[in-house]
Amino acid sequence: MGFEVSARRVLAAALSGIALTASGALLVLAWQRGMFATLLGLTLCVAWLVLGGCWAASRNLSVRRRSEERDPTTDGPPLAALLDQIPLPLLRITGGGARALNRASRTLFATDDRLSPTPPTLNDPRKTRLRHEGRSWRIERVAGGDQSLVLLIDIEAERRAAEVHADNEMIDILGHELLNGLSPIVSLADSAQVAAERGDARLPSILATLTRRIEGLERFTRAYRMLARLPDPVPTPVAMDELVGDLSRLFDQRFEGRVQLSTIVPQGMTGRCDRDQMTQAIWALLHNAAEAALAGAVSPVVTLTVEREEDRLILSVADTGSGVPAPERARIFRPFHTTKPEGSGVGLTLARRIARAHGGDIALLPIAVTTFRMAVPDGAGL
């Protein structure tokens with residue numbers, strides 16, 4: 001390759017020399033015969049043509065270089081090949097039609113390029129769900145000008161992944177809790193056996209501790225069954241002042257004046273919910289708040305507020321405890337998570353499950369006073 005380039009350069013230099021010599025001879029001959037002006041004009045025309053050709057060639061080369069710099073496919077794999085690696089269907093919507101941009105979308109809609117016909121749902125920017133080939137897809141859009149990119153996410157696959165994650169988390173929690181409960185039982189049983197063989201006087205105390213640990217494991221098992229077997233709610237009209245009155249009497253009996261309970265509920269207010277489940281959920285919040293207030297540094301007070309906000313029933317439980325530490329806020333609703341020696345870690349989880357079964361939710365408000373807020377729909381949709 002190097003030899004060929006050198007030979008071309010030598011040949012170009014030789015031809016340039018011959019051309020210059022011939023041009024000089026022609027100029028001398030033209031001078032002698034009085035045709036210098038004609039030859040000079042012809043030379044200028046040729047020079048103009050040559051310079052114009054060089055300028056056009058250089059411009060084309062510059063344009064090609066800029067185009068190559070803008071095109072990322074010159075330095076890497078083609079864009080189509082990269083899009084094909086995306087496992088989710090990707091579409092471009094423009095002018096009322098849709099084009100499949102990757103392998104996943106072409107497979108889903110059985111097309112090589114354009115969708116024919118285009119599902120009307122894809123052309124409606126207000127739609128967020130697509131039903132196609134017996135599967136449900138969530139629509140994620142990115143609009144730009146007169147066209148938009150659409151990414152389809154398989155809702156069923158997403159749900160299965162969430163279920164697998166939840167199952168794995170529950171298995172981890174159960175394994176951890178069961179091992180924590182069984183390990184000391186095994187150790188105490190061995191100690192009791194040794195004490196019995198030696199006639200050790202500590203045997204009764206060992207057996208008493210063993211009994212308490214077995215009872216604790218039984219409480220954990222019952223709590224798990226309570227979570228796993230929560231029935232669907234049966235909403236009925238409920239007088240909220242009566243429900244709060246029952247909870248107040250239960251609270252006074254349980255804490256025997258050690259914690260003050262303050263209630264705020266409109267007289268004659270009626271909500272629609274499953275009374276038994278709602279009582280259980282609110283009691284879990286009140287019990288948690290009372291224990292937190294008792295551990296606080298000020299006089300323990302718990303406040304229960306019931307109100308209606310548009311079409312929702314709002315129940316708030318606040319306490320005068322020291323608050324929930326920041327690291328614990330992300331774990332307080334996790335099943336069996338507790339910081340109390342005798343706690344089961346089920347109360348808040350059960351309350352949230354009940355709220356969600358009613359179509360609502362529970363949240364710990366980001367304010368100074370520890371406040372749990374339960375909001376559930378209050379209407380025929382329950």
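Which side chain does Arg373 meet in a salt bridge? The partner is Glu309, at 3.3 Å from N to O. Keep in mind as you explore that this is a predicted model.

**Salt bridges between separate parts of the chain**
- Arg373 is partly exposed because its relative accessibility is 22%, and Glu309 is partly exposed at 33%.
- Asp113 and Arg99 also join their side chains in a salt bridge, at 2.7 Å from N to O.
- That pair links distant parts of the chain, with Asp113 in the loop between α4 (103-109) and α5 and Arg99 in strand β2 (residues 97-100), 14 residues apart.

**A buried and an exposed partner**
- Arg126 and Asp124 form a salt bridge at 3.1 Å, N to O.
- Arg126 is exposed, with a relative accessible area of 70%, whereas Asp124 is buried at 15%.

**Two crossing helices**
- Helix α8 (residues 240-255) and helix α9 (residues 275-294) have axes that come within 10 Å and cross at roughly 40 degrees, which means α8 is oblique to α9.
- Their crossing is right-handed.
- Residues making the contact include Leu243 and Phe251 of α8, and Ile282 and Trp283 of α9.
- By class, this contact has 10 nonpolar, two polar and four charged residues.
- Glu242, Asp246, Arg249 and Arg275 are linked in a network of salt bridges.

Conventions
Residues numbered from 1 in each chain as written. Predicted model: local features only at pLDDT ≥ 70, side-chain atom pairs only at ≥ 80, totals over all residues. Heavy atoms only, no water. Axes fitted to C-alpha atoms, helices over the stretch in contact; angles between N-to-C directions. Helix = DSSP H or I, 4+ residues; strand = E, 2+ residues; numbered from the N terminus. Parallel < 35°, antiparallel > 145°, perpendicular 65-115°, else oblique. Left-handed = near helix turned anticlockwise from the far one by under 90°. Contact = heavy atoms within 4.5 Å. Nonpolar A, V, L, I, M, F, W, Y, C, P; charged D, E, K, R; others polar. Salt bridge = Lys/Arg side-chain N within 4 Å of Asp/Glu carboxyl O. Buried < 20%, exposed > 50% of the residue type's maximum accessible area, 1.4 Å probe, protein only.
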